[in-house]
Structure formats: structure tokens, C-alpha cells
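Please have the sequence and the structure open while reading.

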Amino acid sequence: MARYAGPANALSWLSAQPRLAPAAATPATVRALAEAVAAAGRAAAAAPPWETCSDAVTAICPCCHPHGSHATLAQHVPLLGGALMGRKPPDPDLFALVLQVPGALSGLLRAVLLDGSFHNQPFAVMAVHLTAPDRARAVSLANAVARAVARERAEPLLWSAVAARLAAAARVGARQHNCDEGAALFSAVQIASKAHDQLFRDLASHAPALSQILAALTDRVRPGGGGGGGGNGCGSWDGGGEDTVCCCLKLLQGAAAADPGATLAAAGPAGALEAPLLAVLAGAPVLRKAGRPSTSPALAAGLLHAAARHEITSSAAPAPVVMSAPGSAAAVAAALRAACSAKGRARDGDRAHLLHNAAALVAFCIAIDGSGRWTVELASPRHGALRALVKAARAGPAAFAAPGGGAAGDLAPVPPEYIRAQVAGALGAIAYALTDPFSSPATGLVITTSAAEAAKEVAAEELPPDAELRALVWGGLAAGSFEGLDRARVMALRSPVAQYDLAATPGALAWLAASAIDGAGDPGPPGAMAGAALQLLHAIGGGDPGWPLERGCMPCAVEECIDAICCMHFRSPNAAVACARAALALRNVAERFANDEDEEGGATAATNAAAALEALQAGRLRGGGQAQDGSKFKKCGACGIPRYCGPQCAKAHWKAGHNKECIGGRGATAGGGGGGASSSSGNGAPKAALQS
């Protein structure tokens, strides 16, 4: 059969004989057919564009018509697809053989651009092989397709084929619509995810493909009330078409990460992207009640966060579109409730991601909410967002683990401490936004409204007592490494009340001092976070966050940086300089709050600053994690802040007062905090072992 693969009349006859498909499923035949498809694809690329043809592909003579090469390609591709699908189950080795033929993949993709439907559509054939039961083999094939796309420089052709297939699927019946649309989207996701962001960058610049992907997403979630109701102002997704929705969100997220500006521009008018994403968030409780794990709400929350960040940094808009969209606060609150309500194995990796992304979205939007209207709406008890955040923060670190894993391994695990930090950041953002008066970023004027005052009083019933709120917010942020420090910086620089609460939380100043020293001299993210910690200590001590001291500081390395309070200005060249600057800042904090007294008789900001300064000077917060004799320092197993050369030193410090200031131990609990990671044992030492 291989020697008859070339003639068009033989191919046309064989493609109409389904019973011959198994006989054609041999390596020799498949290679011959792939070479024929590659040759026809090259001829079609040299012919006039198919869009200029007014005839149907079945009515074109392959020999004399200007678009005859397209007709030849349309005859070859179904036969190759039939050969690949001839075996039951399909043989992945045959598909891998096709990918080895130069130009064969481009020919398959070019055939998708042709109008009309034919058997064994290329995307359908790809999807079958990329969903093979052997997961390792399916991943290997996806990598091979990605390499073939790069080798043949077929990136624009791939996205043109996706756009054409989605447009064609939208014009046919619902059954074929779902099949063709899902196959094209799934294949695109699998291929693009293996191309190291290159294909996503090409997608971001391919407006027709982005428009069709967004149209498919919008059609599935039907924002505006068609997707399952919801009287909150935006549509509520009923969970239908989960696979299609998930694939659309993954493609949009990849494009937005590669080029957010181009992605938002291709989305069309303002709100065209945000509306379906909010509908997905609003439908999260429906999925929870149905017991259906889904990555879609987490992806939608992450995409909304990325879009909001880009809108703020690239335009003069006072607020991102997501905050002005109808029902946006209710949709975000619904996602938070769904993420916080899962228990046991139902708390899978997808909901852990949803909690992380939704909390990050809340904290970011509140930080830029100059009018306070969105914050007031979100904090309303009828939405339950604040109640859900308090419940999650009180549950402790165990609430942020994901014993059930991801639904299909699509999302990488999020460390529980990162989720805890985002929850604490969102809770603190709401609490301090309601405590401090709102100010307009454009005018700097303080905004006081009766609605804000009323919301403040109502929200006070949802918030825990002050001492517990401090422990939940700043204790959670201290456990969150870089994410916690970044969120703490944004919150404290915005709110004077937050600055005092941070200083009045036992162990928080020691955490900042340790963070300032640990990353000193590092040119990467650890160095930036060390600068953020020093900037925060400087501001709490009464200094200007935009004017660092001249003592050993390093200038911002980003030439185009225009941030007046960039933390990069506070970086230190080494641990010795960072230690000296942290000590100076702690002295300033102690002097600034020397006359303050705690109403409950607990630790004050001045006493906490003095304790942190003593620990710093005693070497328990030394940078680099090295003791003076060269041995490795170990951190407190409960809070991870002070460092010790051994268990004896740790026990002595615990008895000397660390048992009262430890964020993760009895100190947080005594101050009203919920559930630290350790408690004291009978001999006065913490139960938690020291950590490296």
C-alpha cells in the first residue's frame, strides 16, 4: 500500500474505505503518507492563500485549479489520520514516526485551515495520542510535538489552526462543537505547556486565536446570568463544559504571563476578559457542593490578579476593571468561601491554589482601592469573605495543607506557609483598610463616607480581638517567607496602624531583623527581600520609606525603576552592614514607642524592639546562618525567627523570655493568637525541634 500513497486517486479511494485503515497502520505506510502530507503542505503554502478561494474544497480539481494543492492536502490528511487511528488502541510509535518527517506536522496544521469537515481531523488525532493511558508516553509525545513545531517554525500556523478550528466548531451543532473545540484546545494546551513559554509568547501576539479562545470561554460560562443564575450582578458558572473552560483559562493564563499587554488588548473592550473570569469564581461554590474538583476557579483568580497588576502598572487608571465590574466583590467572596470550606481529602490541591490566588487578589485590590467602595462591599457580612478568612487563619497551618493532591496534577503544589501568608495578608488588608481612613491615590485627600463608617462598625463584629488579630496577621506573614514579607511591606507602608501592630506583635521585629540580615549582599530576590525588611524597620522607626540612610546602602539596580519607595534602595552589601542598620532601626522603634502601654498588660512595641535588639546583638539573628565557631545555626522550630548554636542555648532563651514572644508557640496563644506550631514542655523548652 505504501507505493500507492502518492497518487491522488488512490488516496481518495482508500480514504473512503474504513476497513482498510488497520492495514494502513504500518510504519512503512505511515511514513509514506506523512511524506505525502508534507509535500502537499509545502505546495499549499506556496499556492494562493486559501482565504481567497470561493469554491468548496471538494469541488476543486487538484490538477488545474489554482488552489489544487489545498484539495490534494485535504485528500492526504484523512488517510494519514485513518492510518494513525487504525489500531485499537492507537499506536503512539506511529504518531512519533509522523513527527520525524520534516514538514508533516505543518501539513497537518495547514489542513485545519481548510473549510469543511472531514474524518480524522488533525487535532482530534493529536488529542487521542496526547491522552494515552501511558502518561509518561503521552508527555513524551507532547514534547515531541513542541519540538517539531519549533523545528518547522510553525508557531503562527499552530495558533491559526486553533483559531480556525474554534471558529468552525462554533458554526456547527452542539455535539460536533464540543468534540472539535475540546480537541483543539486540549492539544494546544499540551503542546504549548512543553514549549518553555515560546508558544505562549506567540499566542499573545496572535489576536485571532486569543479572540476565539475568549469567545469559547465566554460561551461556556455565559456571564450575565445564563450560566446558572446568581443575582450578584455577574453571571455564575454552573460547572458545564469544565474541560473546555479549564483549557481556555490555561491558554489565557500562559499568554498573559508572556505578554499581558497584548493579551488584554486582544480581549477587546474593558471587561470582556474579566466578566467570564468572575463568572467562574462565582460558580466555585456550585462545584464544591457537587464534589467536583476543578482547577478553573484557581486559574481564573490568578488570571484576574495578573490582569489587575498589569492595568495598574501600565496605565493611569485609578483602579483595575475587576474592581468596577458588577458583582465582582460577591464573586471573589464566593471563591473564598468555597476554598475555605473544604475539609479532609476534599481539601485538594485545586482548592489550596484557589485560596492562595483569591487571597492574593483580595490583598492587591484592597491595597489600591483609594475610594474604599470595593473594600466596603467585600467586607460586607452578607458576602462572608471576611468570616471565611478569619476562619482559615484561625485554623492554623494544617488548614493550608492539601492531602488530596491536585485533581489531575495540573497545578504545582503550593507550600502551606505561602497560603497562610496570603490569607493573613488578605485578612490584614481588610482589617486595616477599615481601620484607617481611605485616601485617594490621585489627590491624596482623605475620604470619609458614611458607608465606610457603617461598614467599619459592622465588620468589627467579624474581626477577632486586637491581640488575636495581630497574631493571626503578622504571625501568618512571618511564616510565609518572601510572600509574607512582600505582603507585610505593602500593608505596613500603607497603614500607620499596621505599623504599630507589627511592632507590638511579639517576635515580628525579630523576624524583620533576621530577614534583613539573611539576604544581605545577594543580588537576587533574597537581597531584594532583605532590602524590604530594612525599609520596613526604617519606616516603623519613624524614617521616610523613600530615603534610606547612607550607611552602606546600595542603589536600585533597575534603571527604569520610578518607584519612589522602591525597597531595592535599602539593600545592604553584606551582613555586617545590614546588622548595623537593623540595630539602628530597632533603637529608633524603641524610642518612638517608648511611652506606649499595652491596654492588656502585654508586650509593647518598645519592649519587642528591645528584645529583638538584644537577640541581634547576642548573635541569635546573625546572617548566613553560621555560628561564631563556624558551625551551622539552627532556627526555633516553632516560629523560625531566632537562631541558636545548639539546644542548650535554645532552652536558655526560651526560659529567658522567648516563650512569651514566640509567634508559633505559647507567646501567640497567650496574646490571643490561634494555634501556634509548638508549645512548651515540662522542662520549659519548646517541644518543636530546632530547624536548619
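This is a predicted model: local features need pLDDT of at least 70, side-chain atom pairs count only at pLDDT 80 or more; totals for chains, interfaces and linings use all residues.

Residues are numbered from 1 along each chain as its sequence is written, and side-chain values use heavy atoms, with hydrogens and water left out.

**Aromatic pairs**

The whole structure contains 2 aromatic pairs. Rings of Phe, Tyr and Trp (its six-membered ring) pair if their centres lie within 6.5 Å; planes under 30 degrees apart count as stacked, over 60 as edge-to-face and the rest as tilted. The ring centres of Tyr432 and Trp474 are 6.2 Å apart with planes at 35 degrees, so this pair is tilted. Because Tyr432 belongs to helix H23 (residues 416-435) and Trp474 to helix H25 (residues 466-478), the pair ties together parts 42 residues apart in sequence. Helices here are DSSP runs (H or I, at least four residues), numbered from the N terminus. Tyr432 and Trp474 are both buried, where buried means under 20% relative accessible area, exposed over 50% and partly exposed in between (1.4 Å probe, protein chains only).

Tyr500 and Phe593 make an edge-to-face pair, at 5.3 Å centre to centre and 65 degrees between the planes. Both Tyr500 and Phe593 are buried.

**Helix H23 against H26**

Tyr432 also takes part in the contact of H23 with H26 (heavy atoms within 4.5 Å). The axes of H23 and helix H26 (residues 481-494) come within 8 Å and cross at roughly 10 degrees; axes are lines fitted to C-alpha atoms, for helices over the stretch in contact, with angles from 0 to 180 degrees between N-to-C directions. H23 is therefore roughly parallel to H26, a label for angles under 35 degrees.

**Salt bridges**

A salt bridge is a side-chain nitrogen of Lys or Arg within 4 Å of a carboxyl oxygen of Asp or Glu, and the count comes to 6. Three of them are listed here.

| Pair | N to O distance |
|---|---|
| Asp93 and Arg137 | 2.6 Å |
| Arg394 and Glu468 | 2.9 Å |
| Arg470 and Asp501 | 3.1 Å |

Asp93 in helix H5 and Arg137 in helix H8 are 44 residues apart. Arg394 is partly exposed at 40% relative accessibility, whereas Glu468 is buried at 12%. Both Arg470 and Asp501 are buried. Salt bridges with shared partners join Glu181, Asp219 and Arg220 into one network.

Conventions
Helices (H or I, at least four residues) and strands (E, at least two) are DSSP runs, numbered from the N terminus. Angles under 35 degrees count as roughly parallel, over 145 as roughly antiparallel, 65 to 115 as roughly perpendicular and the rest as oblique.
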